[in-house]
Amino acid sequence: MTTTAHAAVVRGTDSPFSFEDVVLDNLQPAEILVKIVASGLCHTDLAVVHGDLPGVFPMVLGHEGAGIVEEIGSGVTDLAVGDHVAVSFASCGHCLNCLAGREAYCAKFMMLNIAGVREDGTGTMSAPDGGEMHGSFFGQSSFATHAIVAARNAVKISKDVPLDIVGPLGCGIQTGAGTVLNSLNIPAGSSIVVSGTGAVGLSAIMGAKVAGATTIIAVDVLDERLEFAKRLGATHVVNGRTDDVVARIMEITDSVGAAYAVDTTAIPAVIENVVNATRFGAAIALVGVGKPGATIPLGLVSGAGKTLIGAVEGDSVPQIFIPELIAMYQAGMFPFDELITTYPFDQIEKAIADTQSGVAVKAVLTMP
C-alpha cells in the first residue's frame, strides 16, 4: 500500500521550508510506519538548513518525532500497531560501539542520521513524480505527517504521557540531561557550569539538579533565560554580556573553579571562558554544533589537567534513558514540559523565528 505524507521540505542551503506531499517507500522487515503527532524543532535541523552540517537536498528534516505506530514490518516483534512511541537517533546495532552499548557513537552514525538514506543505501521517500527526495534524517524525518522508522530507534511510551511533549526527549532534552547524568556522571555535591540556556542547556541544568549538584552556574546573555534557569535549578547565574564570566565563576566557586562544565553554544570564546573558569582536573563536555572550521583558542596551560569531551546524544541508550526521563518527569523531578511551546505544523517558520529570538525555548510542531 502506498503511503503519502505531507511534509516540510527544504530544497537547499538557507532555503525556506515548503509544504509538499511525499511518497513513502514500502516498509523493510525491521521498520515501522509512525503517524507523527508532534515533532520538536532542534538547532540541529537549522544547522543543516544553514549549512553548518552537511545536507542532501531536497530533504525532509525533523528528528524529535513522537507518534502512533500505524504499520509494522514483518520482522518487528516488540512493537504493535497502536503503540505510542518517541523516536530517537538511528544506529546500526552491530558495530563495536553499538554492541558495547554506545549507540550514540555508532560507526555509521553520519550515514544513518545525516546522509538521507537507510544503511543499505536506499531511500525511504520520493517525490510524487518519482523524483529525488531524501528522508531518514536521524532515522525518521519527522517534519511530516508520517515517517518510516527503524524499530530499534523507536521507544514505546505509556499512553498516559502526552505525545505533544515527548518528541524532544529523542534528541535535545536527552542530550542536555544525558551529558550531565551519563557523559559526565557528576556526583552529588559537585559544581558545574552550563553555558547557553536553550533547551539543551536548561535540560543539563535540570539533570544537574537531579544528580544533586549543589553549585549550578548558568551562563547566558539573556536575563529572562537566566531567570528561567534559576526556576529550573540553577543556583547562580552569570550574564556573559555584562559580567566578567571567568571572574564571576571564580568568585562563586571560592577561586578554585567549577569541577564540571557543559557548553551548548559552540562559540569559541565562550568555550575558552568555560575552560578558564574550571578547576585543575575538571571535565568539560562540548555538545554544540559549531560553524565549519571553527577552532577553540586554548593555550597549553589553560587546558592542562582538564578533560574535554565531545559528547553525542548524552551518551544515551534511548530505550533506557527516555523512560528514565519520563519517570523523573512524572515524579516531579524533571519538568521538561516547561520548556515547550507548541505550534501548528504550518507555522514552522514562526516557530523557527521564535526559537532564534528567544521567545520559545523548545518549539514543538503539532500535526493537523
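Trainee: Where is Glu 313 found?
Mentor: This is a predicted model: local features need pLDDT of at least 70, side-chain atom pairs count only at pLDDT 80 or more, and totals for chains, interfaces and linings use all residues. Numbering runs from 1 along each chain as its sequence is written, and side-chain values use heavy atoms, with hydrogens and water left out. Helices (H or I, at least four residues) and strands (E, at least two) are DSSP runs, numbered from the N terminus. Glu 313 is in the loop between β15 (307–310) and α10.

Trainee: Is Glu 313 buried or exposed?
Mentor: Buried means under 20% relative accessible area, exposed means over 50%, and partly exposed is in between (1.4 Å probe, protein chains only). Glu 313 has 6% relative accessibility, so it counts as buried.

Trainee: What is phi of Glu 313 near?
Mentor: Glu 313 is a residue other than glycine. Its phi still has a positive value, near 50°.

Trainee: Which relative accessible area does Asp 14 have?
Mentor: Asp 14 is not a glycine, yet it has a positive phi of about 65°. Its place is in the loop between β1 (3–10) and β2 (17–24). Asp 14 is exposed because its relative accessible area is 52%.

Trainee: What is omega for the cis peptide bond at Pro 58?
Mentor: Pro 58 sits in the loop between α1 (43–49) and β4 (59–60). The cis bond joins Phe 57 to Pro 58, with omega of about -5°.

Trainee: Why are α5 and α10 described as roughly perpendicular?
Mentor: Axes are lines fitted to C-alpha atoms, for helices over the stretch in contact, and angles run from 0 to 180 degrees between N-to-C directions. Angles under 35 degrees count as roughly parallel, over 145 as roughly antiparallel, 65 to 115 as roughly perpendicular and the rest as oblique. The axes of α5 (residues 172–183) and α10 (residues 318–330) are 11 Å apart, at an angle of about 95°. The pair is therefore roughly perpendicular.

Trainee: How many nonpolar, polar and charged residues make the contact of α5 with α10?
Mentor: Contact means heavy atoms within 4.5 Å. Gln 174, Ala 177, Gly 178, Leu 181 and Asn 182 in α5 meet Pro 318, Phe 321, Ile 322, Leu 325 and Met 328 in α10. Ala, Val, Leu, Ile, Met, Phe, Trp, Tyr, Cys and Pro count as nonpolar, Asp, Glu, Lys and Arg as charged, and the others, Gly among them, as polar. The contact has seven nonpolar, three polar and no charged residues.

Trainee: At what angle do the axes of α6 and α7 cross?
Mentor: The axes of α6 (residues 199–211) and α7 (residues 223–232) come within 9 Å. Leu 202, Ile 205, Met 206 and Lys 209 of α6 make the contact with Phe 228, Ala 229 and Leu 232 of α7. The crossing angle is roughly 25°.

Trainee: Which residues does Asn 273 contact, leaving aside neighbours within four places in sequence?
Mentor: Asn 273 is in helix α9 (residues 268–276). It counts as partly exposed because its relative accessibility is 30%. Its contacts beyond those neighbours are Val 245 and Val 246.
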